[in-house]
2 protein chains.
Amino acid sequence: MNRTTPAKRTTIYDLAELAGTSASAVSAVLNGNWKKRRISAKLAERITKLAEEQGYAVNMQASVLRRERSKIIGMIVPKYDNRYFGSIVEQFEVRARERGLFPIITCTMRDPELEVEAARTMLSYQVDCLIATGATDPDRIADLCAGAGVRTINLDLPGARAPSVISDNYGGALELTRRVLANCRREYGVKAPLFFVGGRGTDHNTMERVRGFRDAHAEAGIAVDEAMIQACGYAPEKAENAMRQLAARTSTLPRGLFVNSTISLEGVMRWIRYSGHYSDGMPHLGCFDWDPFVAMLGDHIEMARQDVPKMLEAVFGIIDSGAGDFSVVEVPPIIGGVD
Amino acid sequence: MNRTTPAKRTTIYDLAELAGTSASAVSAVLNGNWKKRRISAKLAERITKLAEEQGYAVNMQASVLRRERSKIIGMIVPKYDNRYFGSIVEQFEVRARERGLFPIITCTMRDPELEVEAARTMLSYQVDCLIATGATDPDRIADLCAGAGVRTINLDLPGARAPSVISDNYGGALELTRRVLANCRREYGVKAPLFFVGGRGTDHNTMERVRGFRDAHAEAGIAVDEAMIQACGYAPEKAENAMRQLAARTSTLPRGLFVNSTISLEGVMRWIRYSGHYSDGMPHLGCFDWDPFVAMLGDHIEMARQDVPKMLEAVFGIIDSGAGDFSVVEVPPIIGGVD
DNA sequence: AATTCATGCTTCATCGATTGAGCAAGCCTG
DNA sequence: CAGGCTTGCTCAATCGATGAAGCATGAATT
């Protein structure tokens, strides 16, 4: 099709020739600072019209190369398979565009190697700022960026070498656990510990949630055995497996579960449906994360919905203010049952 | 922090000086074609080591500016709020990286203006190829790209001026409708039409699904009234509203519904839960799209899961082969109940 | 000894946009 | 009418990477 005419793109030089002026004037007009450069309104208009007619589009590579700031903002994100990360990404894009920044996002499939690789690539593309969302090793990324003089902000999981914006995992888990314990007491009259399943025992969020989980039990005067806490990973299969193993070693299953993400919940629910256990009645569930369909699964479920708008507001607050301290902002999640 | 030392990035010139050689040699070594350029293995190794030590990263803007192909591949996508688009984006990234391409994705919030704006921006960033996913006006985008000599491929919704990869909407809807009709007949013994809700009446996919819906009814000898087809838009609120209106004008609600996306289903389910209707028993549902939690909502639901891996295989097949004809590839969705 | 050839580099123009410096013409001002 | 100021532009260097062309050096061939 276009093989014959390789569609040479219009440049400012082409426009300059057509307008009988210099590339410099064209550039000034097209990037809006023609007043500063004392270009007449007449010429400005002529150039603008020509550019439109010719379907001119700046070559960002050339433009970025010359300028000192690229106005590109990067984000790395683990997955796109749940509403939490989905809305983070959506809001990130909206807010970036509002500020005239160009967002580039890359998904690292929860692979630590890919995370670093992705960060490096983004630096190659001259991002002005990089948001590391749910990164396994945020400090490694912060170091990489510091070496290139690029700002980093951690989101969802905190780091020590850049400002962080996270959920109040402790507070959220504390309240969530309280509610599920109360639900169990109300319906079944039991005062037994819940089973904590999902997440990585090494990550900050999971540790904080476990702490909240423990404290809520302590408040209620319920002892929690080590075996009742299985941070087996986030994947559905892993959570499903943890449930299977739990069932294998206890005669009476717990009447309440604390599930550490919707993704893990996927596995838990699958197991509940197909294992035949809990046929005498659904256990009370608490899920640290929100999903609209989970909310419809029944009245036995409470969720902690992380407050994505507030979190992103905090992130861009840091960006806009240029704050440099490595503090951690904790945003309370919204706790509720079926909405 | 780095305010004092603006962290001047290392360039090939810096490395050249350190290695006592020329920038040209450094470039040749670092981008791998030093054999072609007859650089000695000794020098190559020295430069490589130095680059590593200095934490050198190519400036892609400069590199892309110079080369004729950018190896950047763009995708525009309507939303990240459902599993379908989420997995499209994930797989797109994986496959792009496999081919040494740099994926950039942008979400247009189903806004036709933003779609065009986003396409224009991507062209500015010199994408080699643009995938328009679920675009309202794919041909407009195709024209823009053609003007810049950039390939486009339509995904999810077809266009006339670029190759397209879509689901077999007709076939999927036909089979889905058949199953829901059969379920209704089995459980309730009724031979009444389903209610079609969600989607945009103007888009190809919805029209094809309506066609499948109609043909399945015709097969079963069931007449379908115009009012039973409400392509009211995708948003949950719109679907919820359509249900409300349906209930307001009929005395007996249909025993089966065809819901045109999980997003619309969100609204439908909400209405079912809170309106008080259907308290005598859930209607049989068919949903054109898949979600793991929807699959757990009960045994009254059938889903058409669009085959994302196959679709992306087709997309990259077209990219790899360089095919130029504007044909439409239709990939059959996977139909099933609770998985 | 003269010529050819391979090897291992360096030089320099180039991609397109940006911007500091500079220049010419017109207009005031004293 | 000389000197200064404003207006409206152009020139040319620059950002960093790339690759065609060219230039030494030494080895091989005639």
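Mentor: A residue counts as buried when its relative accessible area is under 20%. The model shown here is predicted. With a relative accessible area of 16%, B:Arg255 is therefore buried. This arginine sits in the loop that runs between helix 10 (236–249) and strand 10 of chain B. Its contacts, apart from residues up to four places away in sequence, are B:Cys184, B:Tyr188, B:Val190, B:Tyr278, B:Asp280, B:Gly281, B:Met282, B:Pro283 and B:His284. A further pairing concerns B:Pro193, which is 62 residues from B:Arg255 along the chain, while the two C-alpha atoms are separated by 8.4 Å.

B:Ser261 is placed in the loop between strand 10 (256–259) and helix 11 (262–275) of chain B. The phi angle of B:Ser261 is near 145°, a positive value in a residue that is not glycine. B:Ser261 has 6% relative accessibility and so counts as buried. A positive phi is also found at A:Gln126, where the angle is near 65° and the residue is again other than glycine. A:Gln126 belongs to the loop between helix 6 (112–124) and strand 3 (129–133) of chain A. Its relative accessibility is 15%, so A:Gln126 counts as buried.

Another loop of chain B, between strand 4 (151–155) and strand 5 (164–167), holds B:Ala162. The relative accessible area of B:Ala162 is 1%, which means that this alanine is buried. B:Ala162 touches B:Ala142, B:Thr152, B:Asn154 and B:Phe326, when residues up to four places away in sequence are not counted. B:Ser327 lies 165 residues from B:Ala162 in sequence, and their C-alpha atoms are 7.6 Å apart in space.

A buried residue may also lie in a helix. A:Leu312 is part of helix 12 (residues 308–321) of chain A, and its relative accessibility of 0% means that it counts as buried. Leaving aside neighbours within four places in sequence, A:Leu312 is in contact with A:Ile88, A:Gln91, A:Phe92 and A:Arg95. By contrast, A:Glu17 is 295 residues from A:Leu312 in sequence and 46 Å away in space, C-alpha to C-alpha.

In soluble globular proteins, nonpolar side chains tend to be buried together. In this model, the largest nonpolar core comprises 54 residues, and A:Tyr80, A:Ile131, B:Tyr80 and B:Ile131 are those with the most contacts inside it. Setting aside residues up to four places away in sequence, B:Tyr80 touches A:Tyr80, A:Gly86, A:Val89, A:Glu90, A:Glu93 and A:Ile105 in chain A, together with B:Val89, B:Ile105, B:Thr106 and B:Cys107 in chain B. Another core, of 52 residues, lies apart from the largest one and includes A:Ala242, A:Tyr278, B:Phe195 and B:Leu253.

The two chains can next be compared as copies. The contact surface is the same in both copies, for 100% of the contact residues of chain A recur in chain B.

The axes of helix 2 (residues 23–30) and helix 3 (residues 41–54) of chain B come within 9 Å and cross at roughly 85°. Helix 2 of chain B is therefore roughly perpendicular to helix 3 of chain B. On the side of helix 2 of chain B, the meeting residues are B:Ala25, B:Val26, B:Val29 and B:Leu30, and on the side of helix 3 of chain B they are B:Leu43, B:Ala44, B:Ile47, B:Thr48 and B:Ala51. Sorted by class, this contact between helix 2 and helix 3 of chain B has eight nonpolar residues, one polar residue and no charged residues.

Conventions
Residues numbered from 1 in each chain as written. Chains lettered and ligands numbered in written order. Predicted model: local features only at pLDDT ≥ 70, side-chain atom pairs only at ≥ 80, totals over all residues. Heavy atoms only, no water. Axes fitted to C-alpha atoms, helices over the stretch in contact; angles between N-to-C directions. Helix = DSSP H or I, 4+ residues; strand = E, 2+ residues; numbered from the N terminus. Parallel < 35°, antiparallel > 145°, perpendicular 65-115°, else oblique. Contact = heavy atoms within 4.5 Å. Nonpolar A, V, L, I, M, F, W, Y, C, P; charged D, E, K, R; others polar. Core = buried A, V, L, I, M, F, W, Y, C linked by side-chain atoms within 4.5 Å. Buried < 20%, exposed > 50% of the residue type's maximum accessible area, 1.4 Å probe, protein only.
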